[in-house]
Amino acid sequence: MIRLTDLHKSFGNNAVLRGVDLHVPKGESMVVIGGSGTGKSVLIKCILGLITPDSGVIEVDGQDVTEADRDAFLARFGMLFQGGALFDSLPVWQNVAFRLLRGSLKRPKSEAREIAIEKLRRVGLSSDVADRLPAELSGGMQKRVGLARAIAANPEIIFFDEPTTGLDPIMAGVINDLIREIVTEMGATAITITHDMASVRAIADDVAMLHAGKVRWSGPVSKMDDSGDPYLHQFITGSAEGPIEAIR
Amino acid sequence: MSRLLAAIGATTLGLLAAIGRLALFVGETLSHLFRPPFYPREFGHALIQIGYFSLPVVGLTALFTGGALALQIYAGGSRFDAQAVVPQIVAIGMVRELGPVLVGLMIAARVTSSIAAEIATMKVTEQIDALVTLSTHPMKYLTLPRVLAATLVMPVLVGIGDIIGIFGGYLVGTERLGFNAAAYLKNTADFLTRLDIISSLVKGAVFGFIAALMGCYYGMQSDRGAMGVGRATKSSVVAAAILILAANFILTEAFFSA
Ligand SMILES: Nc1ncnc2c1ncn2[C@@H]1O[C@H](COP(=O)(O)OP(=O)(O)OP(=O)(O)O)[C@@H](O)[C@H]1O
Ligand SMILES: [Mg+2]
């Protein structure tokens, strides 16, 4: 479904992606792990076309994304940004229902609001937050509003950039279950970025580890523990000793 | 020597590149004018923000300027016994030049800066990226409504500024300088031509376009972080002010040089 071939991206002389190959089959949940600053967020922004890669091919359904009709392409996607990226001038429910209030998916306001409140409930937020402004919510609540917005229009392909960062363990569990549910019940294809190994085990079908600008290891989550790869092993165990330097 | 030439060349290239980028930005903004979807609510919001909420600033600026202008013309005119021209010169000075230019500069200070800071913050906090992923074109959703609203509402603001400026001159003229009220108004009305008024409103539209455009352009170009937002805001106001003054010269030349 999503296939990346030899993707390169540098910012000035900071070569972030140096030949990434990745394949995510339809209906699968791929989790991308890797040290802070290894380019995970850059990777998914490249797929969405928010960052233009220097070279390499990105295909969705076998079609090169640079040749696809951009509006139709984006209509299939949902994205949770690492920082939430909520529109701070709009109340929470209008953030969630953004897509349903304008453009091709536009529907009556009351219906959009109902859908928004239902999505908020799914991320563990009660309807009282619906009319507040994003700035009036805690960091973890904002993250969940971002999540509700990402899934509001039932996209086929969803990217989650650190969905559980900043959440308490119980709420993190709820979100993990939700992501799993979206993939298994709605048949969505998901790429999730996370540092939380409990999340990885709860969400992933496949895992890819990004290191030094390339996919260092990828495979089914069941093979992760006995991969034999020292880099992956160090990352999973969170050990300071190993091939990955602690200062980056 | 060659280093000097290289520096000149680099500056020239940089300037040309900036003009090119700006031209592309203008082209892209205008290209959304006729392509749906449209965002009437954003447009209405921009009209109110740019038009209605600027009224106090515009009114006060024009009132004080008109009053000061009357005092100066009286003082200057009395040196060669021409005090009587106060109503005429206040009218022509306000309508042709000071009305549009001062309102334009006040809008650059008030509107350009707030647009630039808002859009730059949205850029820095990835809200612009989020718009794209929600199938909403940032130029269509953010830039076009603001630029369009400013272009349409600025002639109205300038018209109001002109009237209030003349009224400021009238107040000073009748209260302090001893002009007859009816004669003052008659002199003003007789003296102004249609071209004066049209030029004033056209200038308003052009300055409004420049002010909103610069805010959006620098906002969208903003670097990351708080410093990026600060720099975008500053550059947008400076660029808008200078371009407004330059455009004013060109328009004055076009309207009145014959
Ligand atoms: N717009 C940009 N301009 C310049 N450099 C950038 C930009 N975006 C990202 N980078 C750089 O790219 C590198 C990777 O950033 P990225 O945000 O993808 O990291 P990450 O893997 O998501 O890290 P984290 O786990 O901390 O979120 C960093 O060194 C960062 O400085
Ligand atoms: Mg990241």
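**Entry 1: a loop in chain B**

I began with P37(B), which sits in the loop that joins helix 1 (2-31) to helix 2 (40-50) of chain B. I was working from a predicted model, and in it the peptide bond leading from P36(B) to P37(B) is cis, with omega near 0°.

**Entry 2: helix 4 of chain B**

I then followed helix 4 of chain B, residues 86-124, and found a kink of about 55° centred on M94(B). Just after this helix I looked up E126(B), which takes a positive phi of about 65°.

I placed A85(A) in the loop between strand 6 (77-80) and helix 3 (92-96) of chain A. Is A85(A) buried or exposed? With a relative accessible area of 2%, A85(A) is buried, since the cut-off for that word is under 20%.

I looked up E162(A) next and again read a phi near 55°, positive although the residue is not glycine. E162(A) belongs to the loop between strand 7 (157-161) and helix 7 (169-186) of chain A, and at 6% relative accessibility I count E162(A) as buried.

**Entry 3: the surroundings of ligand 1**

Which residues are closest to ligand 1? I found 15 residues around the ligand, the closest being S36(A), G37(A), K40(A), S41(A) and Q82(A). By type, the shell divides into three nonpolar, nine polar and three charged residues.

I also asked which elements of chain A contribute, and strand 2 (14-24) and helix 1 (40-48) each supply at least two residues of the shell. Helix 1 of chain A gives the largest share, three residues.

**Entry 4: polar atoms beside ligand 1**

I went through separations that involve oxygen atoms of ligand 1, and an N or O atom in the side chain of Q82(A) lies 2.7 Å from one such atom. On the backbone side, I read 2.9 Å between an oxygen atom of ligand 1 and a polar backbone atom of V42(A), and 3.0 Å for a backbone N or O atom of G39(A). I then noted that the protein covers 70% of the 630 Å² of accessible area that ligand 1 has on its own.

**Entry 5: the record for chain A**

Finally I consulted UniProt, where an unreviewed entry lists residues 2-237 of chain A as "domain: ABC transporter". In the model, the end C-alpha atoms of that span lie 29 Å apart, and the span is 36% helix and 26% strand.

Definitions and conventions: Residues are numbered from 1 along each chain as its sequence is written. Chains are lettered from A and ligands numbered from 1 in the order in which they are written. This is a predicted model: local features need pLDDT of at least 70, side-chain atom pairs count only at pLDDT 80 or more; totals for chains, interfaces and linings use all residues. Side-chain values use heavy atoms; hydrogens and water are left out. A residue is near a molecule or strand if one of its heavy atoms lies within 4 Å of it. A polar contact is a pair of N or O atoms within 3.5 Å; within protein, one must be able to donate a hydrogen and the other to accept it, and residues adjacent in sequence count only if both atoms are side-chain atoms. Accessible areas come from the Shrake-Rupley method with a 1.4 Å probe; for residues, only the protein chains shown count as cover. Helices (H or I, at least four residues) and strands (E, at least two) are DSSP runs, numbered from the N terminus. Ala, Val, Leu, Ile, Met, Phe, Trp, Tyr, Cys and Pro count as nonpolar, Asp, Glu, Lys and Arg as charged, and the others, Gly among them, as polar. UniProt positions are given in the numbering used here, feature names are shortened, and annotations may be inferred rather than shown by experiment. The bend at a residue is the angle between axes fitted to the seven residues ending there and the seven starting there. Buried means under 20% relative accessible area, exposed over 50%, partly exposed in between (1.4 Å probe, protein chains only).
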